[in-house]
Amino acid sequence: MTAHSAVRVDHAVSSGTFSLDGQTFDVDNNIWVVGDDSECVVIDAPHSVDDIMAVVGDRTVRAILLTHAHDDHCRVAPELRERVNGGSGAPILLHPDDKPLWELTHVRDGEGHLWDVDLFDGLEIAVAGTALRALHTPGHAPGAVCFHAPDLGCVFTGDTLFQGGPGATGRSYSDESLIKESIRARLFALPEDTVVHTGHGEDTTIGAEKASLG
Ligand SMILES: [Zn+2]
């Protein structure tokens with residue numbers, strides 16, 4: 001007898017907008033939920049709490065993990081925190097280097113709109129008898145973090161690595177040489193058959209992206 005039912009990755013897509021540097025774009029974001037039948041963690045909080053709660057169901061949410069603080073990934077995080085676990089909440093985790101981006105969306109006003117726990121490289125988040133390990137991968141954003149799930153053979157990369165290459169670095173707080181360094185040093189160190197669950201669009205693998213980045 002095991003303490004936990006099978007761990008799985010659940011997914012949905014939520015539509016909305018991304019704004020930065022005075023421009024706004026329509027975007028579809030992936031919602032990722034990792035857990036078993038009784039508990040889970042949510043990776044990123046785009047656009048719609050209802051869309052996220054439809055994936056969570058009635059499970060206990062252990063944490064809300066943010067890959068970075070662009071508004072299309074963190075906009076509804078505080079509202080989600082209020083809704084989960086019957087209103088008793090769950091901690092929002094964010095790397096503190098993304099504070100300037102977070103504050104573009106969630107102004108610090110002393111009313112509980114900050115995140116709760118600082119992410120750092122190597123932090124392990126336990127859920128449903130498994131663990132996700134935080135990899136600090138700056139470049140797309142200064143506090144960009146990927147979450148590696150070794151037991152599941154996958155990594156959640158946010159906007160750091162997509163099918164077809166690195167995430168965008170054309171806007172404020174991004175750095176193209178840094179994102180490539182992060183991908184090469186941290187993500188390409190993972191097994192080649194690791195499935196990459198991205199912030200937008202289709203899955204890929206570490207091996208496929210190694211071949212395309214060169
Ligand atoms: Zn982004």
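Is Val7 buried, exposed or partly exposed? The legends below answer this and describe further views.

This is a predicted model, in which local features need pLDDT of at least 70, side-chain atom pairs count only at pLDDT 80 or more, and totals for chains, interfaces and linings use all residues. Residues are numbered from 1 along each chain as its sequence is written, and side-chain values use heavy atoms, with hydrogens and water left out.

View 1. Val7 is partly exposed, with a relative accessible area of 26%. Partly exposed lies between buried (under 20% relative accessible area) and exposed (over 50%), computed with a 1.4 Å probe on protein chains only. When residues up to four places away in sequence are not counted, Val7 touches Val34, Gly35, Asp36, Ala128, Thr130 and Leu152; contact means heavy atoms within 4.5 Å. Val7 and Leu152 are 145 residues apart along the chain, yet their C-alpha atoms are separated by 8.2 Å.

**View 2. The whole chain, with six helices and 14 strands.** Helices (H or I, at least four residues) and strands (E, at least two) are DSSP runs numbered from the N terminus. The radius of gyration of the chain is 16 Å, close to the 17 Å that the globule rule gives for 214 residues, so the chain is as compact as a globular protein of that length. That radius is taken over C-alpha atoms, and the rule is 2.2 Å times the number of residues to the power 0.38. The C-alpha trace spans about 45 × 45 × 30 Å along its principal axes. Of the 214 residues, 50% are buried. Among contacts with a separation of 6 or more, 59% are between residues 24 or more positions apart. The chain exposes about 9,100 Å², of which carbon and sulfur atoms supply 49%; these areas come from the Shrake-Rupley method with a 1.4 Å probe, and for residues only the protein chains shown count as cover.

View 3. The zinc ion is coordinated by His68 (NE2), His70 (ND1), His140 (NE2) and Asp159 (OD), at 2.1 to 2.3 Å. Donors are N, O and S atoms within 2.8 Å of the metal (3.2 Å for Na, K and Ca); water is not among the atoms, so sites may look incomplete. The four donor atoms subtend angles of 89 to 171° around the zinc ion, which makes the arrangement irregular. Four donors count as tetrahedral if all angles lie between 85 and 135 degrees; four count as square planar and six as octahedral if opposite donors are over 155 degrees apart and all others between 65 and 115, and anything else is irregular. His68 lies in the loop between strand E4 (60–65) and helix H2 (71–74), and Asp159 in the loop between strand E10 (154–158) and strand E11 (161–162), so the pair ties together parts that are 91 residues apart in sequence. Both His68 and Asp159 are buried. The donor residues are spaced H-x1-H-x69-H-x18-D in sequence.

**View 4. The open sheet E1-E2-E3-E4-E5-E6, with six strands and mixed pairing.** Strand E1 (8–20) and strand E6 (117–118) stand at the edges with a single partner strand each, so one side of each is left without a neighbour in the sheet. Two strands pair if DSSP finds at least two bridges between them. E1 and strand E2 (residues 23–35) run antiparallel and are joined by 13 bridges. Across this pair, Val13 stands opposite Asn30, and His11 stands opposite Trp32. The hairpin of E1 and E2 has two residues between the strands, and Asp21 there takes a positive phi near 60°. E2 pairs with strand E3 (residues 39–43) in the antiparallel sense over four bridges, and Val34 stands opposite Val41 in E3. A hairpin of three residues joins E2 to E3.

**View 5. The open sheet E7-E8-E9-E10-E13-E14, with six strands and mixed pairing.** Strand E7 (124–127) and strand E14 (204–205) are the edge strands, each pairing on one side only. Strand E8 (residues 130–136) and strand E9 (residues 145–149) run antiparallel and are joined by four bridges. His136 stands opposite Val145 in E9.

**View 6. Two helix residues, Ser182 in H5 and Ala211 in H6.** Helix H5 covers residues 176–187. Ser182 counts as buried at 7% relative accessibility. Beyond residues up to four places away in sequence, Ser182 touches Thr137, Pro138 and Leu187. Helix H6 covers residues 206–213, and Ala211 counts as exposed at 65% relative accessibility.
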